[in-house]
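Here are my notes for you on this one. Keep the structure open while you go through the points.

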Number of protein chains: 2
Amino acid sequence: MIIEKKRTRIVKFYETGTAEVLKIEEVDLPEPSENEVRIKVDAIGLNRAEVAFRSGAYLETPNFPSLIGYEASGVVEAVGNKVTSVEIGDKVSTIPSFSMNDYGVYGETAIVPEHAVSNYPKNLTSEEATAIWMPFITAYGGIVTNGKIKKDDAVLITAASSSVGFAAIEITKLKGGIAIATTRKRAKKQQLLDAGADYVIVTEEEDLVDRVMEITNEKGANIIFDPISGPIIETLTKAAAPLGRIIEYGSLSSESAKFPFGQMLQKRLTVQGYILMDITTNPEKLKPAKQFIFEALEKGKLTPTIDKTFDFEDIIEAHKYMESNQQLGKIIVKVSS
Amino acid sequence: MIIEKKRTRIVKFYETGTAEVLKIEEVDLPEPSENEVRIKVDAIGLNRAEVAFRSGAYLETPNFPSLIGYEASGVVEAVGNKVTSVEIGDKVSTIPSFSMNDYGVYGETAIVPEHAVSNYPKNLTSEEATAIWMPFITAYGGIVTNGKIKKDDAVLITAASSSVGFAAIEITKLKGGIAIATTRKRAKKQQLLDAGADYVIVTEEEDLVDRVMEITNEKGANIIFDPISGPIIETLTKAAAPLGRIIEYGSLSSESAKFPFGQMLQKRLTVQGYILMDITTNPEKLKPAKQFIFEALEKGKLTPTIDKTFDFEDIIEAHKYMESNQQLGKIIVKVSS
């Protein structure tokens with residue numbers, strides 16, 4: 001008797017480059033090893049980190065052939081030995097807490113470590129469930145865990161028109177802070193106000209430091225949550241309040257910049273490099289973050305923002321769309337099988 | 001009947017400049033106002049901050065005529081209204097927790113705010129009592145309060161041949177850390193080892209990053225306590241462990257430097273500008289620091305380091321000596337009256 005092996009399709013790539021390096025391949029259905037879970041994927045949420053990883057511009061360099069992808073939702077289809085927290089049939093989504101050199105969720109099927117698998121609030125669709133952990137945990141870790149937000153703190157959220165930026169605005173407001181969002185062009189101002197920002201600074205038209213000082217009665221921002229880095233750091237230290245904390249969670253700018261020691265010492269600022277994994281790979285930090293986000297999502301106090309949905313076959317188009325910077329919120333790839 | 005006013009001598013200066021701007025002047029004995037204490041000064045401990053203030057290179061600019069001086073010991077001679085924590089006759093020393101635009105302790109007599117007055121361990125001489133709060137609270141605040149030292153942490157203490165550097169070595173050891181001190185020249189190596197450093201890196205002869213990596217088994221330093229700033233920041237980020245904390249408590253270097261975003265994000269480092277006053281003006285932070293230092297001094301586990309003693313009349317010479325950078329430990333000015 002011939003046992004026909006089940007097949008599935010996953011995305012792999014063999015070299016860094018443009019979106020076209022992504023290949024959908026049919027492979028034998030993989031089995032989860034110890035402490036691993038296999039998910040029948042329903043939807044994939046795209047992240048900038050994946051575009052950077054694919055392009056060779058990420059903190060980690062891919063080992064080829066490489067898998068890709070951090071966030072997906074679906075149903076648990078098989079569990080490896082020692083898995084205790086989920087069962088076959090559970091509806092789950094994945095928390096980015098692994099290296100894409102070990103795991104990747106772009107596929108009809110994904111194998112992920114047990115610690116990366118979470119249930120999600122029942123009021124969310126499976127698409128929405130791929131749009132929660134990365135933005136909300138990133139924002140929570142930056143503003144609450146590291147930023148140590150207190151009531152009435154002024155929080156400056158730069159380049160705020162991203163899913164993390166929206167999440168940062170919502171979390172700032174839930175924690176009683178004042179959310180000051182920045183965006184380069186006037187076009188996105190209303191959307192940021194709609195998302196809950198108390199103030200929006202359009203940086204192509206307004207002076208960032210002047211406006212922050214005006215808004216905060218010359219005190220400056222207590223927390224600055226910035227994905228840009230580079231020369232803006234000097235501006236940010238000027239906009240900061242004494243003892244302010246600047247959390248750098250990306251480097252959209254690759255320009256070099258001067259270290260602003262003067263402001264740093266005069267105001268005793270803290271500048272901290274930060275990534276999501278600092279929270280998701282630390283159970284002590286992850287637990288309160290997850291709990292806060294889960295409960296706020298259940299109560300409708302946090303809003304997953306979805307921009308556009310692509311078909312699995314159009315994964316290359318989806319990556320290209322992300323690189324076009326038109327989106328406001330999560331780009332989803334729907335897997336129908 | 002003519003009441004003869006009592007006279008006293010204090011140091012004032014009327015312009016920024018070299019040590020010669022310091023003038024000893026005879027004035028009427030001042031009376032303490034509400035919440036102030038008058039101390040009959042026995043000894044003054046000199047600080048680099050005072051040389052910078054006198055030269056016009058400090059965080060604060062003097063308002064002329066200006067007083068000067070943060071640390072003195074002596075006996076309480078008069079108290080203003082509402083002073084409750086000290087009494088006439090108490091032996092005390094001062095904790096730098098005020099602006100030199102408001103108070104200065106260089107004199108036979110000093111008026112200081114009550115919160116800046118502390119008793120000191122009985123086993124210390126009055127000279128030693130002027131050599132404890134600045135170095136030990138600065139080091140404690142950098143390594144414990146902000147550095148959050150844990151047992152077995154590797155602590156890199158740069159430019160360690162100063163009273164703060166010695167204090168940092170002792171506090172690191174008391175907290176179970178590994179003290180790695182740096183000094184430019186071989187001459188001070190043995191003194192740093194004698195002070196308790198586990199390792200000393202002579203930066204003119206050895207590569208700082210290579211040595212730190214060798215000492216820490218390629219992990220890097222968990223805490224870096226640096227008074228230099230400037231271009232060394234790039235080296236320090238390379239010597240740091242992932243999630244390491246770099247505490248900048250001075251800017252001996254005035255050269256500009258690049259902001260090392262790459263290392264900052266790759267290792268998620270924290271760089272924090274820090275000064276003593278962050279601790280001494282915050283009662284919540286000051287209390288545990290003072291208690292730790294007081295008890296360790298009482299038990300002989302911390303050592304005030306005195307380099308040389310000058311007479312009050314030689315205050316200019318004392319400042320010049322500090323600027324010559326020969327000292328290892330506190331420069332004291334003894335006031336005999």
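1. Before we start: helices (H or I, at least four residues) and strands (E, at least two) are DSSP runs, numbered from the N terminus. In chain A, residues 17-333 are 29% helix and 25% strand, and the end C-alpha atoms of that span lie 20 Å apart. An unreviewed UniProt entry annotates these residues as "domain: Enoyl reductase (ER)"; UniProt positions follow the numbering used here, feature names are shortened, and annotations may be inferred rather than shown by experiment.

2. A word on the ground rules. This is a predicted model, where local features need pLDDT of at least 70 and side-chain atom pairs count only at pLDDT 80 or more, while totals for chains, interfaces and linings use all residues. Residues are numbered from 1 along each chain as its sequence is written, chains are lettered from A and ligands numbered from 1 in the order in which they are written, and side-chain values use heavy atoms, with hydrogens and water left out.

3. Now look at where the chains meet. Chain B gives 27 residues to the contact and chain A gives 27 residues (contact means heavy atoms within 4.5 Å). Together they bury about 2300 Å², 65% of it on carbon and sulfur atoms; buried area is the accessible area (1.4 Å probe) that two parts lose on being put together, summed over both. On the chain B side, B:Phe259, B:Phe261 and B:Leu265 lose the most area, together 29% of what that side buries.

4. How many salt bridges cross the interface of chain B and chain A? The rule (a side-chain nitrogen of Lys or Arg within 4 Å of a carboxyl oxygen of Asp or Glu) finds two. A:Arg268 and B:Asp278 meet in a salt bridge at 2.6 Å, N to O. Strand 12 (240-248), helix 7 (261-267) and strand 13 (270-273) of chain B each give two or more residues to the side touching chain A.

5. Next, find B:Arg7 and B:Asp28, whose side chains form a salt bridge (2.7 Å, N to O). B:Arg7 sits in strand 1 (residues 7-12) and B:Asp28 in strand 2 (residues 23-28) of chain B, so the pair ties together parts that are 21 residues apart in sequence. B:Arg7 is partly exposed at 45% relative accessible area; buried means under 20%, exposed over 50%, and partly exposed in between (1.4 Å probe, protein chains only).

6. Last one: B:Glu206 bridges to B:Arg211, with the closest N and O atoms 3.0 Å apart. B:Glu206 is partly exposed at 24%, whereas B:Arg211 is buried at 19%.
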